[in-house]
Amino acid sequence: MRKDSDLLGELNIPDDVYYGVQTLRTLMLFTPSKETIARFPSFTFSMGAIKKACAIVNRDLGLLPPDMCQSISLACDEVMEGELDGHLVLDMLSGNDFAPIHMNFNEVIACRANELLCGERSFSQIQPNTHVNMGQSTCDTTYTAARFALYFELKKVMSALSRLKAAYQDIADRHRNQVKVSHTCFQDASPISIGQFYDASVSFLQRQLELLEPLLEESLEHSVGYTVIGTGLGSYQGFHQRINPVLSQVLGVETHFSRCPFDDRQYADYFLRVSAALKSAITGVSKMARDIRVMSSGPRAGFAEIAIAPVQNGSSFFPGKVNPSLAELVNIACYQVCGCDLSVTMAVEAGELDCSPWYPVFTVNTLNAASYVYRAVDAFAEKCVSTIQLNEALNRQKAEKSLGMASAASALFGYKNATQVARYASEHDIPVKDAVVQLGLMDREQAYEIFDPLTLTDVEKSSQLMSRSARQDRY
């Protein structure tokens, strides 16, 4: 055991850990949840990068001896690579803002750096607050790490959405001339081509990517060196002029100062907008997943418009039953993201005075939400959407017999006559085009041309035929 002390006194620290007294006190307060620091590698990576960059700048300013900077930098590299995850043990939702989390990093980096410098696992030469935290505070380091972490997570979200978009684009392109019946309120409506139906998914996903792009750029804004409330008290001359290029190099992506460091501390609407964008994306993808569940239902007593590859047994009771597991995974992810969004909303609103103590809440929930999205969407795209097979013959048959075809009859003969057509087709279980012929409203050749399901999905072709064939006395 080794001893370490803080404001509240002295404690014995196990010899096999790198953290110190402040981390241990937090561990003694309550049993951590599963939301520990190491569960968020993008946050850990970002914290390591920030601490390393600050050490390099402080060395360049002549404030930190080169050998200490070298040891701290090496320890930060290990943090960034996940090698010290076993020592980043605190619950991200610990209370006391991110101060305990911040000190867990400071202590682990300092102790490991001290070991690298002089072979001793202690704070004998390199100290957490004096050296690792030189010119910094919780508010400018952990708050920034939260945003940087979202940069990496949003990149994963956008990659997953792009893959899903490509999967839907492929289906739309390959089946553009095939037709199915559309549905409104779960009732038969007019024909729609497969390409048109899936073009909507492609368009939606492209819009989500466009909404996420500016948030990705905004995540790289920071106010490192402006310390607790944004005044920069405790930082050193020249730091702000040097930190950006160093931080950009260590992080691997270009960073830039925010417009107002005081705004960064007091308002967290960025996280709210990220949460809203994630909710926007996953609710739409969840609709796609629900469509797959409906369209693949059956296979003998449901819609049966499409089939998807089986991925696991669907029932412990029904032999041979296969469920749309990955579509349901997306639905579940959606519910989780919506719950995270509510938590983020409440925490952002609850900011107070000069800084918000609720950064842990909206950091954890936005990072979790992003993870829910990209993990579910990746699996959904690769193992569900890409496997969709169309039941072409059944889809054509349903489109031919849909009473929604009577909408074309309404344009041609008026709504009242079209209602009679629909009723006649229903009573005799025949397609609308045959009902039109049998009721003497149109000859067979003309009716079969106009009431072809695929023709009715082509606005140019159908409108020309409608204009040419519409009866003047239809009203």
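A cavity is a set of points on a 1 Å grid over the protein atoms alone where a 1.4 Å probe fits but cannot get out; lining residues have an atom within 4 Å of a point. A volume is the space filled by probe spheres set on the points, with grid points joined across faces, edges and corners.

## Basis of the report

The structure is a predicted model, in which local features need pLDDT of at least 70 and side-chain atom pairs count only at pLDDT 80 or more, while totals for chains, interfaces and linings use all residues. Residues are numbered from 1 along each chain as its sequence is written, and side-chain values use heavy atoms, leaving out hydrogens and water.

Two cavities of 30 Å³ or more are present in the structure. The largest cavity has a volume of about 40 Å³, and its lining consists of Cys139, Tyr143, Thr144, Arg147, His222, Ser223, Asp264, Arg265 and Tyr359. Four of these residues, the largest share, come from α6; helices (H or I, at least four residues) and strands (E, at least two) are DSSP runs, numbered from the N terminus. Both α6 and α9 (261–266) supply at least two residues each. By class, this lining holds three nonpolar, three polar and three charged residues, where Ala, Val, Leu, Ile, Met, Phe, Trp, Tyr, Cys and Pro count as nonpolar, Asp, Glu, Lys and Arg as charged, and the others, Gly among them, as polar.

The second largest cavity has a volume of about 30 Å³. Its lining is formed by Thr26, Leu27, Phe30, Pro32, Leu90, Asp91 and Ser94, with four nonpolar, two polar and one charged residues.

## Helix α6

Helix α6 (residues 138–174) has 37 residues and spans 54 Å from its first C-alpha to its last, close to the 54 Å expected at 1.5 Å a residue. The expected span is 1.5 Å times one less than the number of residues.

## Open pockets

A pocket is an open set with protein on both sides within 12 Å along at least five of seven lines. The largest pocket holds about 420 Å³ of space. Its lining comprises 22 residues, of which Ser296, Gly298, Pro299, Val322 and Asn323 are the closest to its centre. The elements that contribute two or more residues to this lining are β7 (306–307) and α11 (325–349).

The second largest pocket has a volume of about 270 Å³. Among its 13 lining residues, His183, Phe197, Asp291, Val294 and Met295 lie nearest its centre. The elements giving two or more residues here are β3 (179–184) and α10 (269–295), and α10 provides the largest share, five residues.
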